[in-house]
Structure formats: structure tokens, C-alpha cells
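I would like to take you through one structural model, from its overall make-up to a few individual residues.

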Amino acid sequence: MTRSDAADSDSDRELVLKLQAGDTDALALLYDRYAPMVYTLALKMLQNAAEAEDLTQEAFVNFWQQQKYDPNRGSVGSYLATYTRSRALDRLRVGGGRRNIMKKVERMTGATPRPATPLEQAAQSERQQRLREALDRLSPAEREVLEIAYFEGLSQSQIAQRLGLPLGTVKTRSRQGLLRLRDDLGNDLL
């Protein structure tokens with residue numbers, strides 16, 4: 001049994017204890033187990049892939065840093081689903097409120113949303129270029145899995161089925177690709 005196999009067989013409770021002891025590899029394993037569920041729930045509620053990705057990241061960062069999860073009150077999956085549902089509803093309320101306010105302002109002033117300034121457009125273009133270059137540096141297998149996940153919104157199981165690969169291979173490629181992007185881009189774009 002490899003170290004990875006041993007870690008994969010750890011129960012959620014064991015992984016949470018390791019995470020609380022500072023073992024961030026435990027967070028990666030919990031992420032592999034529950035990120036597809038969190039992302040799918042967020043995407044269904046928010047109907048926006050970028051916001052769903054953002055909420056998925058927020059859920060795991062919160063899980064890691066806040067350490068509010070109590071294993072005696074339910075499973076990790078239930079905790080993450082409840083957290084995700086609650087934050088998605090918050091985002092929908094805020095988004096709806098902002099949209100209504102913007103519509104009222106537009107009706108009152110006849111104004112349209114402000115276009116991006118040349119400086120903002122240049123910054124956005126630079127960020128997009130850096131991301132494209134970082135994606136190009138990934139292996140084709142890692143890039144393929146990430147592009148399908150993020151641009152088409154498929155779960156890791158769906159990707160495995162589409163590509164005819166074992167689910168573990170898809171998870172490994174996804175995780176390795178994300179780690180390479182994080183190393184390459186830092187926290188500027190991720």
C-alpha cells in the first residue's frame with residue numbers, strides 16, 4: 001500500500017484531526033473527496049461557474065482556517081453542503097440587491113454601467129495573458145482535465161467517464177495541475 005493509498009483510506013474524522021494538527025495534505029484529500037459535491041451544489045444554486053469556483057475555494061479555506069466543524073454534529077459532507085448552501089444564498093441575496101439598485105440607478109439617471117478604463121482593460125488583458133501562459137506550461141493531460149472542469153463544469157466523475165480514465169487519475173491530474181498553477185501564479189490570480 002502506498003502512502004497515497006493509506007491516506008486515501010483515512011476516515012474523514014482522521015483527516016480532520018490531521019488537518020487540525022497542521023497537516024495540509026489532509027486538506028488536499030478532503031478537497032479531492034468533497035470539492036466536486038461543493039462545486040456542483042454551488043453551480044446549481046449560483047448558475048455561474050466562476051462564482052461556483054470561488055465559493056468552492058471559500059468553503060475549503062473556511063473549513064481549514066475557521067475549524068468550526070464538529071464531527072459529533074454530522075459528516076464533513078453535510079457540513080460543507082450546509083456551508084455552501086448558506087453562502088450561495090447570501091451571494092444570491094447580495095447579487096439580487098445590487099442588481100436591483102443598479103437597475104433603479106440606471107432608470108433614474110438613464111446611465112449605463114461604466115465601461116472599463118484603458119488601465120483596467122490593460123490589467124485584465126495582462127492577467128488573462130499570464131493565465132494562458134501558465135495553462136500552456138501544464139502538461140496536456142493536466143490542462144485537459146482542468147479545462148473540462150472549469151470551462152464545461154463537469155465533475156471529476158463525469159470527466160473520468162468522458163475521457164475513459166480512472167477517477168483517481170482525473171483527481172491526480174486535477175490536483176497536480178492546480179498546484180502547478182498556484183506555484184506559477186501565486187495568489188495574484190487564484
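Residues are numbered from 1 along each chain as its sequence is written, and side-chain values use heavy atoms, with hydrogens and water left out.

On confidence, pLDDT is the predictor's confidence in each residue, from 0 to 100. The mean pLDDT of the protein is 82, and 83% of its residues reach 70 or more. Over residues 1-6 the pLDDT is below 50, and this stretch has two contacts in the model beyond near neighbours in sequence; contact means heavy atoms within 4.5 Å. Where pLDDT is low, the predicted coordinates should not be read in detail.

Now the overall architecture. The protein has nine helices and zero strands. Helices (H or I, at least four residues) and strands (E, at least two) are DSSP runs, numbered from the N terminus. Of the 190 residues, 29% count as buried. Here, buried means under 20% relative accessible area, exposed over 50%, and partly exposed in between, with a 1.4 Å probe and protein chains only. Among contacts with a separation of 6 or more, 57% are between residues 24 or more positions apart.

Let me turn to helix packing. Two packed helices are described by the angle between their axes and the distance between the axes. Axes are lines fitted to C-alpha atoms, for helices over the stretch in contact, and angles run from 0 to 180 degrees between N-to-C directions.

Helix H3 (residues 24-46) and H4 pack at an angle of about 140°, with their axes 8 Å apart. H3 and H4 are therefore oblique to each other; angles under 35 degrees count as roughly parallel, over 145 as roughly antiparallel, 65 to 115 as roughly perpendicular and the rest as oblique. H3 passes H4 in a right-handed crossing. The contact involves, among others, Leu27, Tyr31 and Val38 of H3, and Leu55, Phe60 and Trp64 of H4. As for handedness, a crossing is left-handed if the near helix is turned anticlockwise from the far one by less than a right angle, and right-handed if clockwise.

Which other pair of helices is oblique? H7 and H8 are. The axes of helix H7 (residues 140-152) and helix H8 (residues 156-163) come within 10 Å and cross at roughly 125°. Their crossing is right-handed. On the H7 side the contact residues include Val145 and Ile148, and on the H8 side they include Ile159 and Leu163.

The next topic is aromatic pairing. Rings of Phe, Tyr and Trp (its six-membered ring) pair if their centres lie within 6.5 Å; planes under 30 degrees apart count as stacked, over 60 as edge-to-face and the rest as tilted. By this rule the count comes to four aromatic pairs. In one of them, the rings of tyrosine 69 and tyrosine 79 have centres 5.5 Å apart and planes at 65°, so the pair is edge-to-face. Tyrosine 69 lies in the loop between helix H4 (49-66) and helix H5 (76-109) and tyrosine 79 in helix H5, so the pair ties together parts that are ten residues apart in sequence. Both tyrosines are buried, and Phe63, Tyr69 and Tyr79 form one aromatic cluster.

Two loop residues deserve a remark on backbone geometry. Most residues other than glycine have a negative phi. Glutamine 47, in the loop between H3 and H4, has a positive phi near 55° and is exposed at 63% relative accessibility. Glutamine 67, in the loop between H4 and H5, has a positive phi near 50° and is partly exposed, with a relative accessible area of 38%.

Finally, two helical residues. Leucine 135 lies in helix H6 (residues 118-137). At 13% relative accessibility, leucine 135 counts as buried. Its C-alpha atom is 7.3 Å from that of leucine 181, 46 residues apart along the chain. Not counting residues up to four places away in sequence, leucine 135 touches Arg143 and Leu181.

With the same exclusion of residues up to four places away in sequence, serine 174 touches Val145, Leu146 and Gln156.

Terms used: This is a predicted model: local features need pLDDT of at least 70, side-chain atom pairs count only at pLDDT 80 or more; totals for chains, interfaces and linings use all residues.
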